[in-house]
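I opened the file this morning to note what the chain does.

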Amino acid sequence: MNRTAAFCLAVLAGLPVPAAAAGGAQVFTLHGGHFFGPGPIVPDTPLPDGSIRGISFDLDRLEGVAAFAAGGRTLSDGTTTTNGNIDAGALEIGGPAVGQTPGRTAGKVFWLYAVAGGPNEGQERYRFDADYNMVWTVDLGLDPGFAEGIVRVNGFELTTGTRKVPTSLQTARGLPGGYDKAGSLPSGTMLVGRVGDFDADGFIDGTIVATANVPLQADLLPGAPVANARGFRTDIPIPPLFALELTLHGIGNLRPLVAETLTGGHLDQLTRWLTDAQDRLLAARANYEAAFIATPAAQRADLREIDWRLESIRQLIFIPTAFLTTYDFPSGNAPEAVADATTRAFDKAQSLATLLHERRAGAKK
């Protein structure tokens with residue numbers, strides 16, 4: 001049980017991280033979200049709000065780190081030190097759902113920390129990958145309150161990209177007895193993160209996601225899937241056109257998900273993905289308008305191309321969404337017009353993201 005619970009909560013890496021902090025220029029605030037699983041355990045576990053302090057993030061290099069701060073708690077082994085800037089809250093796995101009264105449904109409480117002694121030296125590291133998804137990496141220690149139960153997971157990653165809830169390790173190996181779900185999420189469910197400026201306050205924010213399996217050598221629910229999704233805000237200023245660029249890259253993450261749901265009776269999920277794209281485009285429009293307002297009137301003509309390109313993407317997403325929510329398609333397959341419109345929308349989103357990247361690169365020279 002100790003290793004299982006530890007690994008499950010490790011998926012929360014950096015998610016419920018709040019803390020008193022040593023000196024650092026930036027802070028990440030974490031809010032909302034759930035931990036799913038392990039396996040059939042429900043209800044899904046609400047994640048406590050928190051913050052990560054002591055962060056130095058370079059927007060030009062798209063990388064940063066939450067520095068290690070002495071003064072954090074020591075684990076129950078009496079020796080393992082933790083990062084005082086990243087002090088996770090208590091998580092009650094298998095406890096009451098939101099709105100329920102604690103009592104007979106109370107779960108087991110665990111504490112999660114960023115620990116020293118691993119490859120990341122107690123720090124949490126941030127970078128953007130080739131698809132402009134933000135990746136968080138941290139060495140974790142889960143402390144159930146007694147030394148023998150402590151488990152470490154080095155180099156755990158969360159992302160603002162996509163993650164699929166895996167099957168159980170048993171099913172993956174053709175063995176019986178696995179649980180192919182993570183809480184309320186069946187295996188195969190896609191979790192989709194995001195990064196940009198979605199609340200239009202001029203700072204980076206988004207959602208991070210992660211999935212994993214409980215190790216087979218664990219005592220409780222070995223091989224079962226676990227997952228989480230969590231919102232975050234930062235005090236890292238971001239130019240609105242760069243936020244728009246990141247949002248367009250995020251829309252690109254939806255492209256294979258849309259392609260997979262055009263046929264085979266997945267039209268409800270297809271509609272959800274297109275609705276997600278519409279929501280991101282609303283944020284993109286707000287980013288554009290912020291850039292337009294901040295640009296001197298004499299220079300605004302240069303922004304018009306971005307305007308009409310963005311509007312064409314919006315229309316190419318809106319029209320198939322309207323089709324899917326207005327008409328029935330008994331075959332379970334989207335009409336060719338929907339496939340064509342979405343293909344062109346993603347092509348245009350990629351093209352506009354490239355244009356914005358080239359503008360940004362040129363402005364640095």
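For my contact count, two residues touch when heavy atoms lie within 4.5 Å. With that cut-off, I looked at pairs at least 6 apart in sequence, and 70% of those contacts join residues at least 24 apart. I am working from a predicted model.

**Entry 1: overall make-up**

I looked up the secondary structure and found 7 helices and 16 strands. The protein has 365 residues, and 50% of them count as buried. I then checked the surface.

**Entry 2: backbone**

I went through the peptide bonds and phi angles next. Most peptide bonds are trans, and most residues other than glycine have a negative phi. I wrote down exceptions.

The bond from Gly-37 to Pro-38 is cis, and I read omega near 5°. The bond from Val-42 to Pro-43 is also cis, again with omega near 5°.

For positive phi I noted Tyr-132 and Ala-200. Tyr-132 is not a glycine, yet its phi is about 60°. I placed Tyr-132 in the loop between strand S7 (124-128) and strand S8 (134-143). Is Tyr-132 buried or exposed? Its relative accessibility is 17%, so Tyr-132 counts as buried. The cut-off I used for buried is under 20%. Ala-200 has phi near 55°, also positive. Ala-200 lies in the loop between strand S14 (194-196) and strand S15 (203-213).

**Entry 3: salt bridges**

Side chains of opposite charge can pair when their charged atoms come close. How many salt bridges does a search of the whole structure find? I got 13. I followed up several of them.

I started with Arg-127 and Glu-157, whose closest N and O atoms are 3.3 Å apart. Arg-127 is in strand S7 and Glu-157 is in strand S9 (residues 151-159), so this pair ties together parts 30 residues apart in sequence. Arg-127 is partly exposed, at 36% relative accessible area. Glu-157 is partly exposed too, at 34%.

I moved on to Glu-245 and Arg-360, where the N to O distance is 2.9 Å. Glu-245 belongs to helix H3 (residues 240-253) and Arg-360 to helix H7 (residues 336-364), so the bridge ties together parts 115 residues apart in sequence. Are these two partners buried or exposed? Both Glu-245 and Arg-360 are buried.

I then took the bridge between Asp-302 and Arg-359, at 3.0 Å from N to O. Asp-302 is in the loop between helix H5 (267-294) and helix H6 (304-326), while Arg-359 is in helix H7. The two are 57 residues apart, and the pair links distant parts of the chain. Arg-359 is partly exposed, with a relative accessible area of 29%.

Which residues form a network of salt bridges? I listed Arg-194, Asp-276, Asp-279 and Arg-280 as linked in one.

**Entry 4: recap**

Helix H7 holds Arg-360, paired with Glu-245 of helix H3, and Arg-359, paired with Asp-302.

Conventions
Residues are numbered from 1 along each chain as its sequence is written. This is a predicted model: local features need pLDDT of at least 70, side-chain atom pairs count only at pLDDT 80 or more; totals for chains, interfaces and linings use all residues. Side-chain values use heavy atoms; hydrogens and water are left out. Helices (H or I, at least four residues) and strands (E, at least two) are DSSP runs, numbered from the N terminus. Buried means under 20% relative accessible area, exposed over 50%, partly exposed in between (1.4 Å probe, protein chains only). A salt bridge is a side-chain nitrogen of Lys or Arg within 4 Å of a carboxyl oxygen of Asp or Glu.
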